[in-house]
Amino acid sequence: MKYVDEFRDEVLIAKEAAHIRAAVNRKWRFMEVCGTHTMSIFRFALRQILPGDIELVSGPGCPVCVTPNGYLDKAIAIAGMKNVIIATFGDMLRVPGSHSTLEIQKADGRDIRTVYSTTDALEIAEKYPTKEVVFLGVGFETTVPTVAKSIIIAKKAGLKNYSVLSAHKTMPEALGSLAGSGLNVDGFILPGHVSAITGTSPYRFLAKIYKKRCVVSGFEPLDILQSISILIKQSPAKVEIQYKRIAAPGGNPKARVCIYKVFEKCDSVWRGIGRVADSGLKIKKAYADLDAEVKFHPRVRPPKEDKRCRCGDVLRGLIAPTECMLFGKACTSQHPIGACMVSSEGTCAAYYKYRGNING
Ligand code: SF4
């Protein structure tokens with residue numbers, strides 16, 4: 001099968017669900033790592049067709065959600081500097097920093113522009129040579145290659161008014177941190193597009209050390225059900241690929257070469273998880289002139305979180321959004337309080353959008 005329609009075929013979905021029902025002989029708890037999985041699970045009401053013995057919990061795979069307040073504070077500080085244009089994906093606009101959002105700053109007159117790619121950001125830099133264009137680099141291994149490429153292009157072209165504020169993160173280390181802290185799941189439904197870049201080897205330690213079953217999964221309903229079937233049958237724990245039409249065991253070596261030409265590993269702070277060793281990507285010294293952190297030295301006060309918001313617990317799979325006292329009351333998609341409600345891939349946003357579909 002290769003067409004999306006086939007992965008949404010109701011007959012095939014019902015058959016796969018029946019296979020799962022027949023195979024389940026105990027309780028299972030799996031974490032769907034990626035926010036796109038969470039959205040798909042709700043959109044296609046998969047919880048309703050899965051047996052009650054299978055529990056799905058959402059993980060930290062929404063890049064906007066795991067970006068901490070401190071990063072937003074720095075972006076806002078740079079936005080307030082003279083002659084700066086901030087170029088960002090739209091999801092970041094409403095994410096709360098400690099005291100404000102980029103959306104509020106834009107309304108206050110800061111030059112903050114929504115872009116759809118790094119190419120857009122480079123074009124803005126070319127068009128306004130007397131302005132400094134800062135691209136907000138947020139995302140996992142999937143988006144980093146294009147950001148790295150934009151830095152290489154800018155360097156080669158001598159584009160001196162372009163830079164990137166990097167909050168890029170890598171997924172395996174964060175899952176290792178969760179597994180190491182005693183996360184109560186039997187396995188991970190791994191992000192298909194991130195894994196298309198990384199391949200399967202960076203996840204092997206999850207199976208080897210933590211005995212977590214792993215499957216790289218696509219995002220259509222049949223993909224997710226097939227992935228659950230694979231996890232239930234897997235023994236011993238290992239890393240398998242369900243999403244074979246996109247992801248290969250070796251990943252995408254060319255994309256990784258591009259990433260590590262520009263970036264190097266560093267520790268990184270994840271909202272809700274905290275500092276995770278080697279889970280971030282910072283711009284190498286050779287490209288320091290394109291690193292907004294180095295170029296602007298944004299000075300910010302220690303970040304503040306809204307203590308009522310439980311995004312951190314949601315991102316660690318400890319609670320469902322409905323267990324947050326603000327869910328659907330003070331915090332809605334129209335008036336979000338935490339990042340998990342802002343992002344289109346956020347777990348709280350998924351629960352809110354499909355609240356009629358919440359099972360249990
Ligand atoms: S419902 Fe809102 S306040 Fe509660 S955890 Fe989610 S984003 Fe935070």
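Predicted model: local features only at pLDDT ≥ 70, side-chain atom pairs only at ≥ 80, totals over all residues.
Strand β1 (residues 28–34) is joined to β7 by 3 bridges, and the two strands run parallel. Within this pairing, Glu 32 has Ile 189 of β7 as its bridge partner.

**Overall form**

The protein chain contains 17 helices and 11 strands. Its radius of gyration is 21 Å, close to the 21 Å given by the globule rule for 360 residues, so the chain is as compact as a globular protein of that length. Taken along the principal axes, the C-alpha atoms fill a box of roughly 65 × 45 × 40 Å, and buried residues account for 50% of the 360 residues. Among the contacts between residues at least 6 apart in sequence, 77% join residues that are at least 24 apart.

The domain assignment of the chain gives domain 1 (28–299) and domain 2 (311–353), whose centres, taken over C-alpha atoms, are separated by 19 Å. Where the domains meet, 25 residues of domain 1 are in contact with 17 residues of domain 2. On the domain 1 side of this contact, the elements that give two or more residues are α2 (35–43), β2 (54–61) and α4 (63–66), and the largest share, 5 residues, comes from α2. By residue class, the domain 1 side that touches domain 2 divides into 15 nonpolar, 7 polar and 3 charged residues.

The ligand is surrounded by 14 residues, the closest of which are Cys 309, Cys 324, Cys 331, Gly 338 and Cys 348. Two helices, α15 (311–315) and α16 (339–342), each supply at least two residues of this shell. The shell residues divide into 12 nonpolar, 1 polar and 1 charged.

Ile 337 is placed in the loop between α15 and α16. How is Ile 337 classed, as buried or exposed? With 20 other C-beta atoms within 10 Å, Ile 337 is buried, because 20 or more such atoms is the condition for that class. Leaving aside residues up to four places away in sequence, Ile 337 touches Asp 306, Cys 309, Leu 326, Ala 330 and Cys 331; of these contacts, Cys 309 and Cys 331 are also listed among the closest residues to the ligand. Ile 337 and Cys 311 are 26 residues apart in sequence, while their C-alpha atoms are 9.6 Å apart in space.

**The β10–β11 hairpin**

Strand β10 (residues 263–270) and strand β11 (residues 274–283) are joined by 7 bridges and run antiparallel, and one of the bridged pairs is Lys 265 with Leu 281 of β11. The two strands form a hairpin with 3 residues between them, and Gly 272, in the turn, has a positive phi of about 90°. Strand β11 also holds Asp 278, a residue with a positive phi of about 60° although it is not a glycine.

**Backbone features away from glycine**

Ala 45 lies in the loop between α2 and α3 (46–49), whereas Asp 278 lies within a strand, β11. Both positions are set out below.

| Residue | Phi | Other C-beta atoms within 10 Å | Class |
|---|---|---|---|
| Asp 278 | about 60° | 14 | partly exposed |

A further backbone feature concerns a peptide bond: Ser 235 and Pro 236 are joined by a cis peptide bond, with omega of about 0°. Pro 236 is found in the loop between α12 (221–233) and β9 (239–241).

Methods:
Residues numbered from 1 in each chain as written. Domains from an automatic or database assignment. Contact = placed C-beta atoms within 7 Å. Helix = DSSP H or I, 4+ residues; strand = E, 2+ residues; numbered from the N terminus. Nonpolar A, V, L, I, M, F, W, Y, C, P; charged D, E, K, R; others polar. Rg over C-alpha atoms; globule rule 2.2 N^0.38 Å. Buried ≥ 20, exposed ≤ 12 C-beta atoms within 10 Å, placed from the backbone. Near = placed C-beta within 6 Å. Pairing = 2+ DSSP bridges.
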